[in-house]
Amino acid sequence: MEKKTSKKGIILGVILVILGALVPLFAPVYTVILLTSILMYMTIAVSWTLFSGPTGYISLASAAFFGAGIYTAAIVGMALPLPLVIVAGALASFCVALLVGALTLRLKGIYFVMFTFGLVELLLHFILWWEVTISGTTGRVVPPAGNAIVFYTMLIIFVILLLTVFFIRRSRYGLALLSIGENEEAASHAGVHVTALKVIVYAISALFMGAAGAAMATRWTYIDPKIAFNPLISFMPVLMAIFGGIRPLYGPIIGAAIFTYLEEFLLTRFPYHYMLIFGIIMVVAILYMPDGLIGLTQRVWKKISRRRYADT
Amino acid sequence: MIITILDVVISGLLLGGIYAVTAVGLSLQYGVARVLNIAHGEFIMLGAFITFSLYTKVGINPLISFAICGPVVFAVGFVLYRTLFTRLRTSSPTAGAFEGNSMLACFGLLFIIQNVAILIWGADIKGYSYLAFPVDFWGARFAANRLVTLGFALAICLVFYLFLANTRLGKAIRAAAQDPETAGLMGVRINQVLALCFGFGALMAGLGGALISMSYKIEPTMGLEYTMIALIVIVLGGLGSILGSFVGGLVLGLVGSIVTHIEPGLSLVAYYVIFMLLLLIKPTGILGK
């Protein structure tokens, strides 16, 4: 059963990626930019779910890793060609996550949440101080890349991420991650190198967030610490993953697509009230769909099928 | 030299008093009502702006407007818990799920409150001058409003502590903090008590905001920073410990004042470094078991 659905999923995924790759050839610029944003959030949401989904450690450091990628791109962007900028951003994030993970992943529950949330603000204020007092700037300029180039870069990052997630999930490391989420001590007794595995997977998830950050930096062109380290980026993947459903791979992808489109729609229709409406939607989504879209469809389906049985 | 030390210590206590009030509020909300209120700072901001409006538009003395902005913010918190969080609590399968869901709901609230405030007051930085004359303190000079702020902060914490220690409701709150299920079985009306706790948490945030508005500039987006500081303080003092939050607030204020004296831009960074070191070395806090 599992195998069958994943085979269908793979075929569907390949078709979607090929269709996506053709988009810049005929679609208007606006669509390309919108799709780039969607791909960006998909990358962040899927990489967040890669670690936090199976282990149950809720990380709010996504903005820190994303921002690390952005800032690295801003620093090396003038000197290096685009692919190397992306790699540099990814590696910078990877290193930050390795360090942070090694330090903090023995914290449990709410302490881990607080720590990761604090990390975003720590990096923001440290870099702000550094820029103002030591390098004497407040913002940096990243050499811009064309819309289509940024789109293809994001698409490549996303596809590599999907492949990575797919193989990690199917390998024994995926099972080991799940066992950590179920019961860490039992996993450790069963021979899982709990700490090493957590840290490595955490860093891998950060790697992709950093790459996405570096890619987006070339689109935004002007960067300052407040733009780079936006706490919203920490919460969005959590919301998207919960909304779409954490378990299946397509859950955070669907969640990211819907929320990014929603954000874009609200931003163009209600530029002054969009954050307000967004907040209301967030609260309502959590209130009425705590198990996400998939939980909701299951519940509706159950109701319908129950009614059918009741009728007969 | 001695004057400098006195200067740093007293400004640290002034800052610490405000931190203590807001952190005691967050400690109630997290320690008892189990809501990690990321929107705590927004209640602080609300208190600050209500006081600001009452003073600049109506001319009500900020110290008297405590009696207005306190109950308003309390009511907002109480109603929010009775509607939103009670529903989330009953629908979440586990305590962990409730913590996660309520935190996300708070993040939504953060946007709602912040943007409503921007609609009402605009996005600019605001401030007013109240009791701004200097007072000599063994050679160190302070604005009178900051001393009044410290006095009120200490008084608010003391009153609240006495309330928790000596009244029936205080006892119910302490019981709910230890074990909500058992407290419910012992006849504590648990939903009511948790909602009151959340309301009291909001009240402390509102009063903290009113105090902040007397000595500092305010803006609608100021909340997150104060939320983070309050979070750091309650970890510093040990999660759920009211006394710990109070002591932690004063300690953090002192640290902030010392760091500001050495390198002004780094006080927030220093808070986070302390926070992270503490989480790594002693996550139960300085007064924790």
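## B:Leu268 in chain B

B:Leu268 is part of helix 11 of chain B, where helices (H or I, at least four residues) are DSSP runs numbered from the N terminus. This residue is buried, because 22 other C-beta atoms lie within 10 Å; the term requires 20 or more such atoms, with C-beta atoms placed from the backbone. Its C-alpha atom is separated by 7.5 Å from that of B:Gly256, 12 residues apart along the chain.

The model is predicted: local features need pLDDT of at least 70 and side-chain atom pairs count only at pLDDT 80 or more, while totals for chains, interfaces and linings use all residues. Residues are numbered from 1 along each chain as its sequence is written, and chains are lettered from A and ligands numbered from 1 in the order in which they are written.

## Contact between the chains

In chain B, 32 residues are in contact with 29 residues of chain A, contact being defined by C-beta atoms, placed from the backbone, within 7 Å. On the chain B side, two or more residues each come from helix 3 (62-91), helix 4 (95-121), helix 9 (223-237) and helix 11 (267-281). Helix 4 of chain B gives the largest share, 12 residues.

By class, this side of chain B holds 23 nonpolar, 7 polar and 2 charged residues. Ala, Val, Leu, Ile, Met, Phe, Trp, Tyr, Cys and Pro count as nonpolar, Asp, Glu, Lys and Arg as charged, and the others, Gly among them, as polar.

## The largest nonpolar core

The largest nonpolar core has 200 residues, of which A:Ala212 and B:Phe198 touch the most other members. Such a core is a set of buried Ala, Val, Leu, Ile, Met, Phe, Trp, Tyr and Cys residues joined through C-beta atoms within 7 Å. Helix 8 (residues 190-215) of chain B gives the most to this core, with 16 residues. Leaving aside neighbours within four places in sequence, the contacts of B:Phe198 include B:Gln29, B:Gly77, B:Phe78 and B:Phe85.

## Crossing helices

In chain B, the axes of helix 6 (residues 168-178) and helix 8 come within 10 Å and cross at roughly 100 degrees. The two helices are therefore roughly perpendicular, a term for angles of 65 to 115 degrees. B:Ala172, B:Ile173 and B:Ala176 of helix 6 meet B:Ile190, B:Val193, B:Leu194 and B:Cys197 of helix 8. This contact has 7 nonpolar, no polar and no charged residues.

In chain A, the axes of helix 2 (residues 29-55) and helix 11 (residues 232-244) come within 9 Å and cross at roughly 75 degrees.

Definitions and conventions. Axes are lines fitted to C-alpha atoms, for helices over the stretch in contact, and angles run from 0 to 180 degrees between N-to-C directions. A residue is buried if 20 or more other C-beta atoms lie within 10 Å of its own, exposed if 12 or fewer, and partly exposed in between; C-beta atoms are placed from the backbone. Two residues are in contact if their C-beta atoms, placed from the backbone, lie within 7 Å. Angles under 35 degrees count as roughly parallel, over 145 as roughly antiparallel, 65 to 115 as roughly perpendicular and the rest as oblique.
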